[in-house]
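Hi,

Here is the structure I promised to pass on. Have a look at it first, then read my notes below.

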Amino acid sequence: MLETEVNRDGERLGVSFDRDGNAVLQATQHVGIVSFPDGPTIQVRPKAGRTNLLHLLRYAHGVDAVTIERETSISAGQTFIEALAALYEAELQNVIRQGLLRDYRRVEGAEKHLRGQLNVRRQIQKQGVAPTRFECSYDEFTYDTVPNQAILYATTMLTRFVRDQTLKQSLLKHRHLLRQRVTLVPIRASELERVELTRLNEYYTDLLRLTKLVLRSIYVREFMTGKQRSFALLIDMNKIFEQAVERAMSEVVAERDGWNVASQVTTRNLVTDGKHSVSIRPDILIRDSEGEIALVGDAKWKLGRPSNADFYQMVSYQFAHDVPGVLIYPEQGGEVETEYSVVDQYPLSLVELPIPTVTEEFSGYIDRVSKRMCEQIWTLVNE
């Protein structure tokens, strides 16, 4: 099941076999739950112990804190799904209360009456010499838009796995309401990247962030090979941690006019003249008000002693941009934090990003991140 379903399009959970035929599992950068039909439920937990994963997801995706007046089940393997679904349902209810977004969509199809523009080539190909319909192209003002289709698709996926009956009924009610106006089709998260929200529909922002989380950052698959249905829900923690770091830095530099953070910017000015192009792409670049790079950073979701490869990578970024650098790791009691000097010229700091604990309030966690990152980033930039 792991080889044919969970790892079908990428290794999310390593599996090998010893001499006796027993399966040996190896965690990757993914965390979550894999439940087998007629078999055990495997939980892969974050490296940083006692991490409040839901808080970290909310922070990484920039979803504002909300109050969810609903308890979720605590049965093994279900807690995270129930909590995520409750958060999603709260945002979905807010959007429906304010009204579904409508927009113009290009429609091409056969109509009984001429509408919009007549597609002559398609008319000849499909309708022949004795046409019964018109092959038209026209713009339709409709609820059946990509954002609404994505929300309906994500709602449908979550509904399958929720066990709490109150929450499930609420999701089903919203799903039924959406189905009256929106077509249920599979939507990729990349399709939402082209969606532009305006002042009139900015209330969609948080729900679309959660929708992209369901469609992209979370691997959800339902399969059937035993007596019961089962599923896998796995999250790429490398991506989540990078997004959390990017948000933390963006909020810090927003304090200065004109400063901004860019992520995953490709640079090709370090190794030149050869036949093969060489590019580098740090996770974070901080630019000052004049557009000049002031700091380069890289996020590493790993515990323990940093590897030499981490340093080689960061030093290359610093040489390429002639700036200070920062390597950011998850919080681990200050064991990693330290300061270096690269060729007695470029400061290099190792910083720990606070990780929310299971008992920590979300607002308190945000304050802790802001305070810690302010101290570290401005110290480096001002040196």
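E337 and R372 form a salt bridge, with their closest N and O atoms 2.4 Å apart. (A salt bridge here is a side-chain nitrogen of Lys or Arg within 4 Å of a carboxyl oxygen of Asp or Glu.) This pair links distant parts of the chain: E337 is in the loop between β13 and β14, R372 is in helix α11, and 35 residues separate them. E337 counts as partly exposed because its relative accessibility is 26%, and R372 is also partly exposed, at 21%. For that label, buried means under 20% relative accessible area, exposed means over 50%, and partly exposed is what falls in between (1.4 Å probe, protein chains only). Helices (H or I, at least four residues) and strands (E, at least two) are DSSP runs, numbered from the N terminus.

Before you go further, keep in mind that this is a predicted model, where local features need pLDDT of at least 70, side-chain atom pairs count only at pLDDT 80 or more, and totals for chains, interfaces and linings use all residues. Residues are numbered from 1 along each chain as its sequence is written, and side-chain values use heavy atoms, with hydrogens and water left out.

Back to the charges. Side chains of opposite charge can pair when their charged atoms come close. R368 and E331 do this too, in a salt bridge of 2.8 Å, N to O. R368 lies in helix α11 and E331 in the loop between β13 and β14, so the pair ties together parts that are 37 residues apart in sequence. R368 is partly exposed, with 27% relative accessible area, and so is E331, with 31%.

Then there's K212 with E193, whose side chains meet at 3.9 Å, N to O, in a salt bridge. K212 sits in helix α8 (residues 205-217) and E193 in the loop between α7 (189-192) and α8, 19 residues apart. Over the whole structure, the search turns up nine salt bridges.

Now find the open sheet. Its six strands come in the order β10-β11-β12-β13-β15-β14, with mixed pairing. (Two strands pair if DSSP finds at least two bridges between them.) β10 (260-263) and β14 (338-342) are at the edges with a single partner strand each, so one side of each has no neighbour in the sheet. On average, neighbouring strands here are turned by 25° against each other, direction ignored. The partner of β14 is β15 (residues 346-353): five bridges join them, and they run antiparallel.

Contact means heavy atoms within 4.5 Å.

Finally, the overall numbers. The protein has eleven helices and 15 strands, and buried residues make up 47% of its 383 residues. Among contacts with a separation of 6 or more, 62% come from residues 24 or more positions apart.

Cheers

Technical notes:
Axes are lines fitted to C-alpha atoms, for helices over the stretch in contact, and angles run from 0 to 180 degrees between N-to-C directions.
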